[in-house]
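Trainee: I have the sequence and the model open, and I would like to walk through a few places with you. Could you take it slowly?

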Amino acid sequence: MLRDRITGSKALMRALQAEGVKTIFGYPGGSIMPVYDALFDYTRGEKKCFDHILVRHEQGATHAAEGYARVSGEVGVALVTSGPGVTNTLTGIADAMLDSTPIVVIAGQVPIAALGTDAFQEVDLVGVSQPISKWSYQIRHAEDVAWAVSRAFYIARTGRPGPVVLDFTKNAQVEEIEYNPQKVRFIRSYVPYPKLDKTAVYQAAELINNAKKPLALVGQGVELGNAQGELKAFLEKADIPAGRTMLGLSALPSNHPLNVGMLGMHGNYAVNLKEQECDVLIAIGMRFSDRVTGNLKTYAKQAKVIHLDIDPSEIDKNVKTDVAVIADCKESLPAITALLQEAKHTEWRESFKPLDEKERVKVIEPAIHPKEGPLRMGEVVNVIAEQAPDDTVLVTDVGQNQLFATRYFKYHHKRSICTSGGLGTMGYGMPAAIGATFGAPGRTVCCFMGDGGFQMCIEELGTIMEQKAPVKMILMNNHYLGNVRQWQDMFWMRRKSFTKMMNPNYELIAQGYGIPYQAVTDRQDLAAAVQKMLTTDGPYILECAILEEDNVLPMTPPGMDIDKMKLEI
């Protein structure tokens, strides 16, 4: 008996359905129109299985897919047309690659007969996306749809996650085939989950058991591996203080007694200095970014280094490792924990406290509890963190807003942070927050943005308006590209070259999109304004007038030793 014949576009719908896709972020166009026609029936009526979110820019589709993936743990999906439609996604693809975020971008392409002819809106998508994706593939025939989609999702979500790109030629979208479901569970030469080396596990445990001053560096790999519980058991058994990278902030609750703060250029003072004093350094699911290590020539030279990572390419890439445990940390952490001796490192942990107190007095208190002058970014973040529900998702744009927000927010639950770490993409915040509201519909989503980043993605207010997406937008307006201005002040003789911003009337913009808005200029009004924002159903814009020359501290100047952090400018 012959199966029903369907088009490649309808085959795509079935393949996405088989992968459990529920939400698609997209923008239609000529070369993807057959797919959108097929999608019509799958977003309404008895056949409905997808929600399609019409973004206002294709870059917004990829960042929304990233936000969705970050909070849900599922693969985010973006659907766009060819030419400029798909080149607009490249920033999001690169962002997802650097931050190990599983998304699948599906783009229309001209028919195979027109490939190479400079046809209207033709671009070599596979060629331009291969260096910034885990896999990039051109679907040339409808019969390949089911296999390509299954393979794409398998690659995106397994091992170290990342973005996958499917270039869908128009002829393949309209060809008819007998649909045969496919399920890819194995790819030759692709080993997403390396076999755990028991010798390495033993060596790691031995180093930790003999350590007097152990220190763990916790990265996003713990979140990606869903190993938050395994991390706690590991740290608590051996009494190991733990710093967290920016992307790993919610892998360990802020109030956990072994949490000693954020790592990196603008991280906490004590943990950064103690990296240069510990005798065993245990890196867990992190990549030793330059923003964490500072000057590699002097970084942690006194320590034995244990590196737990699922990706072999990260081992010895930046920091020389004494013991490499290459595996999913959900497997490697309990294997090491089983060999650990119960330990107490009270004196070592207590040695962090004087440095913490120094930072509290010189940096934190002035930042979150200023007594006079304009509002400070730190106090805005602190007031919101104190009032927001414990399971709130923090989303940030990039710049000073990101650094203040990540430093002073409170993390109580896993998968509670969405921010652009590796690529530092301005404009990321608002669309990522939209995606987060769909990926975690029961949680409050607070998105902190500066005036520069807000304007880079301002068109996505249209998506928020249409979807009534309950994004709580905190616009911290200092009329500057604040982070660049800070660097100009510190390293470029205060020559503020094109960092001053002339801004629009945000209240009128909010009115145009029908989004509730309030501006705060006085400190005494801040707490009530935050309460109103958090208790208002749907989206909200809270504009805060910030001290123009507010600075993020502490700071390790670029390329300097990590223990040369500045507490003041």
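Trainee: Let's start with Asn478: which side chain does the side chain of Asn478 join in a polar contact?
Mentor: The partner is Gln400, and the two side chains come to 3.4 Å, where a polar contact is a pair of N or O atoms within 3.5 Å, one able to donate a hydrogen and the other to accept it within protein, and residues adjacent in sequence count only if both atoms are side-chain atoms. Please keep in mind that this is a predicted model, in which local features need pLDDT of at least 70 and side-chain atom pairs count only at pLDDT 80 or more, while totals for chains, interfaces and linings use all residues. Residues are numbered from 1 along each chain as its sequence is written, and side-chain values use heavy atoms, with hydrogens and water left out.

Trainee: Where is Asn478, and is it buried or exposed?
Mentor: Asn478 sits in the loop between strand S18 (471-477) and helix H22 (482-491); helices (H or I, at least four residues) and strands (E, at least two) are DSSP runs numbered from the N terminus. Asn478 is buried, with a relative accessible area of 2%, and buried means under 20%, exposed over 50%, and partly exposed in between, using a 1.4 Å probe and protein chains only.

Trainee: Which backbone nitrogen does the Asn478 side chain reach, and what does Asn478 touch?
Mentor: The side chain of Asn478 reaches the backbone nitrogen of Tyr480 at 3.1 Å. Not counting residues up to four places away in sequence, Asn478 touches Met377, Gln400, Asp451, Ile546, Leu547 and Glu548, contact meaning heavy atoms within 4.5 Å.

Trainee: Changing topic, how many residues are in the largest nonpolar core?
Mentor: That core has 67 residues, and those with the most contacts inside it include Leu215, Phe288 and Val380; a nonpolar core is a set of buried Ala, Val, Leu, Ile, Met, Phe, Trp, Tyr and Cys residues joined through side-chain atoms within 4.5 Å. Helix H17 (residues 377-387) gives the most to this core, with six residues.

Trainee: And what is Val380 in contact with, beyond its neighbours in sequence?
Mentor: Leaving aside neighbours within four places in sequence, Val380 is in contact with Phe448, Ile474, Met476, Leu526, Cys544 and Ile546. Apart from this core lies another, of 41 residues, with Ala15, Val77, Tyr179 and Val184 among them.

Trainee: Now the sheets: in what order do the strands of the one with S3 and S2 come?
Mentor: That open sheet of six strands has the order S3-S2-S4-S5-S7-S6, with parallel pairing, and two strands pair if DSSP finds at least two bridges between them. S3 and strand S6 (135-139) stand at the edges with a single partner strand each, so one side of each is left without a neighbour in the sheet. The twist averages 20° from one strand to the next, where axes are lines fitted to C-alpha atoms, for helices over the stretch in contact, and angles run from 0 to 180 degrees between N-to-C directions.

Trainee: Which helix packs on S2, S4 and S5?
Mentor: Helix H3 (residues 58-72) packs on the sheet and touches those strands, its direction making about 165° with that of S4.

Trainee: How many bridges join S2 to S3, and which residue in S3 is the partner of Gly26?
Mentor: Four bridges join S2 to S3, which run parallel, and the bridge partner of Gly26 in S3 is Leu54. On the other pairing, S2 and S4 are parallel over two bridges, with Ala78 in S4 as the bridge partner of Phe25.

Trainee: What covers the two faces of S2, or rather, which residues there are buried?
Mentor: Thr23 and Phe25 on one side and Ile24 and Gly26 on the other are all buried, and both faces of S2 are covered. In a regular strand the side chains alternate between the two faces of the sheet.

Trainee: Which helix goes with S2 and S3 in a β-α-β unit?
Mentor: The helix is H2, and the unit is right-handed, which means that, with the strands pointing away from the viewer, the path from the first strand over the helix to the second runs clockwise. The buried residues of H2 (residues 33-42) are Pro34, Val35, Tyr36, Ala38, Leu39 and Tyr42, and what covers them includes helix H1 (8-18) and strand S7 (163-169).
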